[in-house]
Amino acid sequence: MKKLLVLGAGTAGTMMVNKLSRRLDPAAWSITVVDQDPIHYYQPGFLFIPFGIYKPQEVQRPKAEFLPPNANFVQSGIDVIEPDQKRVRLTTGQHLKYDILIIATGTQIRPSETEGLMGDGWQRNTFDFYTVQGASALAKTLRHWEGGRLVLNVAEMPIKCPVAPLEFLFLADWQFHEWGIRDKVELVYATPLDGAFTKPRAAALLGDLLESKNIRVETNFDIGEVDGEKRKIKSFGGVEIDYDLFVTIPTNMGDDAMERSGMGDELNYVPTDKHTLRALNHEDVFVIGDATNLPSSKAGSVAHFEAEVLTENILRQIEGQALLPAFDGHANCFIESGFGKGLLIDFNYETEPLPGKFPLPGVGPFSLLAESRMNHWGKMMFRWVYWNQLIRGVELPLEAQMLMAGKKAA
């Protein structure tokens with residue numbers, strides 16, 4: 001019997017296991033998925049925890065609940081991948097052989113990569129919200145916070161869900177108004193990029209959004225050090241920003257097993273063909289989701305569109321057919337903008353976000369690059385879609401490739 005091995009049971013890995021379990025002959029193929037964490041997290045929900053909109057228990061469920069009965073779930077860490085022997089050694093010492101390997105090990109925050117970030121202020125006046133623990137600790141602090149300067153900093157790119165830092169600030173602006181302390185709060189966004197919105201068309205249409213919400217932007221800020229005692233962050237260029245409350249999106253990196261296996265780049269992301277999703281240097285290895293080094297967003301929608309392409313390419317690989325270069329970098333993201341409204345962007349490798357309607361041309365119901373209450377509800381309803389359809393591998397009425405219908409290109 002041939003063996004399909006999936007490393008990682010997060011969004012991307014769970015989708016692939018569910019999709020392939022329906023397409024592969026169970027008499028010919030066994031499916032094994034490996035993950036060291038038994039809990040599946042709805043990571044888009046982390047954003048809402050600091051403001052009390054979601055509770056931690058609402059964004060987590062057992063991973064086994066979403067895996068098909070014909071898949072073998074092995075709870076273990078990954079020690080090293082040995083592609084020359086077509087096997088994976090687990091941290092338990094067990095070896096798993098494979099005929100086809102899917103790497104879906106995601107990305108994690110690495111606060112230790114920034115000097116001083118995990119010093120005396122960590123989890124006291126310095127927090128992340130990219131983990132359920134960090135988001136929950138920040139919620140407890142915000143519940144009693146009386147105001148001051150809140151600085152949000154992105155350490156370096158790429159990061160998981162690139163729009164989440166902006167969403168956090170928009171929600172903070174809204175919630176501080178609701179709590180009656182907005183006039184006592186200064187919001188500062190310190191980014192290593194040269195603008196809050198890096199796509200020209202989006203910047204032209206949305207550039208005044210932060211200004212209208214009185215959110216100060218510090219661009220080209222490459223953080224070098226956090227001084228927790230003096231409550232300030234320092235860039236490599238010598239710029240200093242004081243804070244009362246510091247919210248960090250630390251360096252994101254792929255799984256350390258990629259480094260140990262000699263399969264990752266400097267951030268432990270696996271070099272991947274950006275159209276077929278096969279690992280560049282290994283014929284029987286495929287990569288999906290945040291584990292890739294692709295120039296696409298590290299977001300759940302991207303993993304969904306990748307899964308549609310990768311499922312077909314794995315079946316073609318099994319049948320000895322040429323892989324289809326069908327993934328175009330498609331990403332689709334709701335952006336919470338506060339006060340019960342949201343934005344929606346849709347783009348790919350070649351085409352930046354454009355205005356228009358989605359998914360039905362001219363009808364919507366969602367508006368692209370424009371604030372609307374419907375976009376907000378689209379974001380909030382997505383949690384149900386995620387738990388009940390997306391990660392279960394249910395076919396959704398969305399094309400894997402970006403469509404230009406309904407968009408205004410000029």
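The model I examined is a predicted one.

I then checked the length of helix H7, residues 300–318. At 1.5 Å a residue, its 19 residues should span 27 Å, and I found the end C-alpha atoms 26 Å apart, which agrees. I recorded a kink of about 25 degrees in H7, centred on Ala307. Is H7 enclosed by the rest of the structure or open? I found 15 of its 19 residues buried, so H7 is largely enclosed.

Phe48 and Tyr54 are both buried.

I also looked up Trp174 and Phe339, whose ring centres lie 6.3 Å apart with planes at 40 degrees; this pair is therefore tilted. Trp174 belongs to helix H3 (residues 164–178), and Phe339 to the loop between strand E21 (331–338) and strand E22 (341–347), so the pair ties together parts 165 residues apart in sequence. Trp174 has 16% relative accessibility and so counts as buried, whereas Phe339, at 35%, counts as partly exposed.

I recorded a cluster in which ring pairs link Tyr42, Phe66, Phe382, Tyr386 and Trp387.

Finally, I looked for charges over rings. The charged end of Lys274 sits over the ring of Tyr349, 4.8 Å from its centre. I found Lys298 over the face of Tyr269, at 3.9 Å from the ring centre.

Technical notes: Residues numbered from 1 in each chain as written. Predicted model: local features only at pLDDT ≥ 70, side-chain atom pairs only at ≥ 80, totals over all residues. Heavy atoms only, no water. Helix = DSSP H or I, 4+ residues; strand = E, 2+ residues; numbered from the N terminus. Expected span 1.5 Å × (residues − 1). Bend = angle between axes of the 7 residues up to and from the residue. Buried < 20%, exposed > 50% of the residue type's maximum accessible area, 1.4 Å probe, protein only. Phe/Tyr/Trp six-rings, centres within 6.5 Å; stacked < 30°, edge-to-face > 60°. Lys NZ or Arg CZ within 6 Å of the ring centre and 35° of its normal.
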